[in-house]
Amino acid sequence: MDRVRDLASKKAAVVFTKSSCYMCHSITQLFYELGASPAVHELDNDPYGREMEWAIRSLGCNPSVPAVFIGGKFVGSAKDVISLHVDGSLKQKLKDARAIWF
């Protein structure tokens with residue numbers, strides 16, 4: 001859990017993914033389209049990936065990826081991010097975390 005929290009706090013927007021996950025790719029692309037450049041950590045390419053995946057699941061993220069953190073705080077999975085985007089609050093969260101400036 002410490003590694004997940006440490007990585008999540010190093011950048012304003014962080015997405016934990018797996019290289020074969022299409023929803024992970026979609027969420028990452030959404031962030032790019034909004035002007036953010038998230039740190040992307042692919043769990044299947046990280047030697048600590050399995051431990052980080054269990055830590056993410058313990059936060060309530062099921063499936064474990066994508067797991068999104070904004071401003072060091074756990075936001076949720078793809079459905080949570082999409083809900084925030086639809087209701088218009090995702091962009092404000094990114095602004096508040098200084099992941100985007102406009």
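## Close-up views of a predicted model

**View 1. Serine 77 and its surroundings.** Beyond its neighbours within four places in sequence, serine 77 touches Cys61 and Pro66; contact means heavy atoms within 4.5 Å. This is a predicted model, in which local features need pLDDT of at least 70, side-chain atom pairs count only at pLDDT 80 or more, and totals for chains, interfaces and linings use all residues. Residues are numbered from 1 along each chain as its sequence is written, and side-chain values use heavy atoms, with hydrogens and water left out. Serine 77 sits in the loop between β4 (73–76) and α4 (78–86). Helices (H or I, at least four residues) and strands (E, at least two) are DSSP runs, numbered from the N terminus. Serine 77 has a relative accessible area of 8%, so it is buried (under 20% relative accessible area; exposed is over 50%, partly exposed in between; 1.4 Å probe, protein chains only).

**View 2. Cysteine 21 and cysteine 24.** Is cysteine 21 buried or exposed? Cysteine 21 is buried, because its relative accessible area is 16%. Cysteine 24 is also buried, at 2% relative accessibility. The structure holds zero disulfides, a disulfide being a pair of cysteine sulfur atoms within 2.5 Å.

**View 3. Packing of α4 on α5.** Helix α5 covers residues 89–96. The axes of α4 and α5 are 5 Å apart, at an angle of about 100 degrees. Axes are lines fitted to C-alpha atoms, for helices over the stretch in contact, and angles run from 0 to 180 degrees between N-to-C directions. The two helices, α4 and α5, are therefore roughly perpendicular (65 to 115 degrees; under 35 is roughly parallel, over 145 roughly antiparallel, the rest oblique). Which residues meet here? Val81, Leu84 and His85 of α4 meet Ser89, Leu90 and Lys93 of α5.

**View 4. The four-stranded sheet.** The sheet is open, with mixed pairing and the strand order β2-β1-β3-β4. Strands pair if DSSP finds at least two bridges between them. β2 (39–42) and β4 are the edge strands, each pairing on one side only. From one strand to the next, the twist averages 25 degrees.

**View 5. β1, β2 and helix α2.** Strand β1 (residues 13–17) runs parallel to β2, with four bridges between them. Valine 15 has valine 40 in β2 as its bridge partner. Helix α2 (residues 22–33) packs on the sheet and touches β1, β2 and β3 (67–70). The direction of α2 makes about 165 degrees with that of β1.
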